[in-house]
Every structure is written in C-alpha cells, then in structure tokens.
Amino acid sequence: MSHPYLSRAIDLVRDAGDAILPFWRGELNVAEKADASPVTAADMAAHHLLVEGLTALDGAIPVLSEEACDLPLAERSTWERWWLVDPLDGTKEFIAGSEEFTVNVALIEAGQVVFGVVGIPASGRCYYGGQAFGAWSAERDGSTQPLHVRADRLDDFTLVASRRHSSPGQARLIDGLRAHFPDLRMVNVGSSLKFCLLAEGKADCYPRLSPTSQWDTAAAQGVLEGAGGEVIDTYGERLAYAARETYLNPGFLALPQGASWRETLLALARG
C-alpha cells in the first residue's frame, strides 16, 4: 500500500538536498531568526524548491514550512490536510560541516502524520514511510530496503539523544533508565536521524523532554511508525499536529510499539 503523493514527495526531498549541497562546507552567511536559531541561504534554497514543488503537486494542500511559519492560527485551524516541512533540519550541524542534516517533508491529515520523507543530502539516502504503508530506506542508486524496529530487548539497550539539546528532566530520565538497563549505551546524533536509527533497528529509544518544533519531528515520526515504532507524549498518546498557537511539541518518547518497558519509560518521563 502506498500514497499517490509519496513518490513525488521523495523526488522533491532529493531535489532539495541537491539544492543544499553546493552550500555545504563552503563559505556561508549565517543570519539569526527571531528565536535565535540560525538560517542560511541553503535553508532558503530548499524552502523555495519544496514550497513550489508541493504547491504544483496539489495547490489545494497548504504548505507550512519552518522558513515561512508566520501564519495566523485562525487560518491554520481551517486546514484539514497540509504539508509540514523542515527544509534543512540540523542547520547547526550543517554549518559545522557535519553530515547530520536532513530535509523533512510530512503530509498531515486531521492532525496526524500520514507519511513522512527524510532525506540525507550528504549521502543521498532517503527514508520514507507511514503507519499505514510501512517504511523503507532508498539509496541514491535506487536500491531500497524495508525498515523494521528491532525486537523488544532488555540487554544491549541503546538510547539516542541530541548532541546539542538536553534538560534536567531528560538527565533524570536517562539516570532512571540506567537503573533498569545497566549496560545502556548512548548514541548522540543530530537532526531527525535519531528517529531513523530506531526505524533501522539500530537503537531502542529516543526520549526528548527539551523543546522541539512540529517540523522537527513529523516526517521522521512517519518513518518510525511505518517501521513498527511509535512516538508518544508523556501520557502515552500519539504525538499529534493539530493547529495551535505554538509550534512547540510537548515532551515525547520514540520507541518500538509493544515494548515491555514502555510504562517504565513513561513513569520516568513524568518524573
């Protein structure tokens, strides 16, 4: 099962990645947005390409991009279906010359992710999937591989975390997990790639109790859900994207569906 817009969304994510690459590891003029986060010409090149391409695909579906998000709630509240776009996720990693930056596109319906596409411009790899479709990774040469979260396990437990963002609550959660999993390993990864590691079966959990925005998570949530995972808030509800005044997400937990330690993790997240 697939979606009629998925193939074109994958093409656009790849095209946006190609638009970003000429700026990578070159001289960059970095501006600062109102929230003090950085933005570059690469962000804007990908933004324009994605907005134009998605609008051409179906002009009836609005596009909400990180780089053009100053839209009134009264307008967004009328949307039943829309694209949620992060043209360059991991801008700080991109500026630092790291390969850990992505292009994220998700289709949202009734506040829920239908499917998501996550592209890695530096390698050409693309992850895509949705809860109703499954999930895959595709290389630049066209070869694809299905994605599945790894089986529930209590040994060799691997947690992924942001290289740049933490919080006291998250530190307490990690300390609590160490009591349950003495051999816990931590892997620090930038951008939406944290979700993709879970989808590939290379990690078990990604807890995030520090701020993220909706465009940071939606596309990779689609991939993880397609691979048999889930992304939930600290009360166990699926992370949703209904229009609201702020674009900030609540704290969330990404993990395999049916994990035996799910309730333990939720209890630790709630403190």
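This report walks through the cores, strands and helices of the structure above.

## About the model

The model is predicted: local features need pLDDT of at least 70, side-chain atom pairs count only at pLDDT 80 or more, and totals for chains, interfaces and linings use all residues. Residues are numbered from 1 along each chain as its sequence is written, and side-chain values use heavy atoms, with hydrogens and water left out.

Helices (H or I, at least four residues) and strands (E, at least two) are DSSP runs, numbered from the N terminus.

## Two nonpolar cores

Let's start inside. In soluble globular proteins, nonpolar side chains tend to be buried together. A nonpolar core here is a set of buried Ala, Val, Leu, Ile, Met, Phe, Trp, Tyr and Cys residues joined through side-chain atoms within 4.5 Å. Buried means under 20% relative accessible area, exposed means over 50%, and partly exposed lies in between (1.4 Å probe, protein chains only).

The largest nonpolar core has 36 residues, and Leu84, Ile108, Tyr127, Phe195 and Leu224 have the most contacts inside it. Among the elements that give two or more residues to this core are strand 4 (81–89), helix 6 (193–199) and helix 7 (214–226). A second, separate core has 30 residues, including Ala46 and Val85.

Which residues does tyrosine 127 touch, leaving aside its neighbours within four places in sequence? Its contacts (heavy atoms within 4.5 Å) include Val117, Trp136, Leu147, Cys196 and Val223.

Strands of a sheet pair through backbone hydrogen bonds, either parallel or antiparallel. Two strands count as paired if DSSP finds at least two bridges between them. Strand 7 (residues 125–130) and strand 8 pair in the antiparallel sense over five bridges, and they form a hairpin with three residues between them. Tyrosine 128 stands opposite tryptophan 136 in strand 8.

Strand 8 (residues 134–138) is mostly covered, with four of its five residues buried. Three bridges join strand 8 to strand 9 (residues 144–146), again in an antiparallel arrangement. Here alanine 138 has threonine 144 as its bridge partner. The hairpin of strand 8 and strand 9 has five residues between the strands, and glycine 142 takes a positive phi near 95 degrees there.

Another group to find is an open sheet of three strands in the order 12-14-13, with antiparallel pairing. Its edge strands, each pairing on one side only, are strand 12 (206–208) and strand 13 (229–233). The twist averages 15 degrees from one strand to the next.

Axes are lines fitted to C-alpha atoms, for helices over the stretch in contact, and angles run from 0 to 180 degrees between N-to-C directions.

## Helix 5 meets helix 8

The axes of helix 5 (residues 168–180) and helix 8 (residues 262–269) come within 9 Å and cross at roughly 145 degrees. Leu173, Gly176, Leu177 and His180 of helix 5 make the contact with Thr264, Leu265, Leu268 and Ala269 of helix 8.

## A loop residue

Finally, look for valine 30 in the loop between helix 1 (6–20) and strand 1 (31–32). Is valine 30 buried or partly exposed? Valine 30 is partly exposed, with a relative accessible area of 43%. Leaving aside its neighbours within four places in sequence, valine 30 is in contact with Pro38, Val39, Thr40 and Ile95.
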